[in-house]
Amino acid sequence: MSDAVEIYVCLEGQALKEGKVEYSQSIADKYAAERDAQERVKRNPMIHKIAYYRVNDEGDFRIFYSFTNKNLHEAQTVIQEHVRKPKLKKPPKRTFLERLFGVGSGKKTVLTKKPIKK
C-alpha cells in the first residue's frame, strides 16, 4: 500500500483548493513536510499557505501538515522596493549662444517615464 502526498500551494487571496497541486512520494512524515515547506518559501517568498494531505489507495485523504508564511508582507514590500523606478535623463547640452547670453532651460533633469502610481 503506497501512500502519496498531495501538496496544495496557494498565494495570498487564493482558496486552498484553487492553489497549485503537486504530488510527492518522498515526504513521509511531518518533519519532512516542514523542511519541504521552508524550502519552497525560500525559493518563492510570495507563497502564502502550503497544505500537505496524505492520500491512500482507497482515495481517502487526511491533512497532516499545514504551513502559513508569516513573512509574506515583508517579502511583498521588498519586491515593491525593487520595482524599477524611472531613470532620470540628462538635460541636453546648451549651445554656445545659450551659454553666452545665459539663455536655456532651467530644468536639471527630465523624466523618461511616468512614475508608478499606487
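**Figure 1. The largest nonpolar core has 14 residues.** Those with the most contacts inside it are Ile7, Ile27, Ile50, Tyr52, Phe64 and Tyr65. A nonpolar core is a set of buried Ala, Val, Leu, Ile, Met, Phe, Trp, Tyr and Cys residues joined through side-chain atoms within 4.5 Å. Buried means under 20% relative accessible area, exposed over 50%, and partly exposed in between (1.4 Å probe, protein chains only). Strand 1, helix 1, strand 3 and strand 4 each give two or more residues to this core. Helix 1 gives the most, with four residues. In soluble globular proteins, nonpolar side chains tend to be buried together.

The model is predicted: local features need pLDDT of at least 70, side-chain atom pairs count only at pLDDT 80 or more, and totals for chains, interfaces and linings use all residues. Residues are numbered from 1 along each chain as its sequence is written, and side-chain values use heavy atoms, with hydrogens and water left out.

**Figure 2. The protein chain holds three helices and six strands.** Along the sequence they follow the pattern β-β-α-β-β-α-β-α-β. Helices (H or I, at least four residues) and strands (E, at least two) are DSSP runs, numbered from the N terminus. Buried residues make up 25% of the 118 residues. Among contacts (heavy atoms within 4.5 Å) between residues at least 6 apart in sequence, 50% join residues at least 24 apart. The accessible surface comes to about 9,600 Å², and 55% of it belongs to carbon and sulfur atoms. Accessible areas come from the Shrake-Rupley method with a 1.4 Å probe; for residues, only the protein chains shown count as cover.

**Figure 3. Tyr8 and Tyr53 form one of four aromatic pairs in the structure.** Rings of Phe, Tyr and Trp (its six-membered ring) pair if their centres lie within 6.5 Å; planes under 30 degrees apart count as stacked, over 60 as edge-to-face and the rest as tilted. The ring centres of Tyr8 and Tyr53 are 5.5 Å apart and the planes stand at 85 degrees, so this pair is edge-to-face. Tyr8 lies in strand 1 (residues 4-11) and Tyr53 in strand 3 (residues 47-55), so the pair ties together parts 45 residues apart in sequence. Both Tyr8 and Tyr53 are buried. Ring pairs link Tyr8, Tyr53 and Phe61 into a cluster. The charged end of Lys17 sits over the ring of Tyr53, 5.2 Å from its centre. For such a placement, NZ of Lys or CZ of Arg must be within 6 Å of the ring centre and within 35 degrees of the ring normal.

**Figure 4. Tyr52 and Phe64 form a tilted pair.** Their ring centres are 6.3 Å apart, with planes at 55 degrees. Tyr52 lies in strand 3 and Phe64 in strand 4 (residues 61-68), so the pair ties together parts 12 residues apart in sequence. Tyr52 is buried, at 0% relative accessibility. Phe64 is buried too, with a relative accessible area of 14%. The charged end of Arg54 sits over the ring of Phe64, 4.3 Å from its centre. Leaving aside neighbours within four places in sequence, the contacts of Phe64 include Val5, Ile27, Asp29, Lys30 and Ala33.

**Figure 5. Ser26 is found in the loop between strand 2 (20-24) and helix 1 (30-43).** Ser26 is exposed, with a relative accessible area of 65%. Its side chain makes a polar contact with the side chain of Ser24 (3.1 Å). A polar contact is a pair of N or O atoms within 3.5 Å; within protein, one must be able to donate a hydrogen and the other to accept it, and residues adjacent in sequence count only if both atoms are side-chain atoms. Ser26 and Ala4 are 22 residues apart in sequence and 8.3 Å apart in space, C-alpha to C-alpha.
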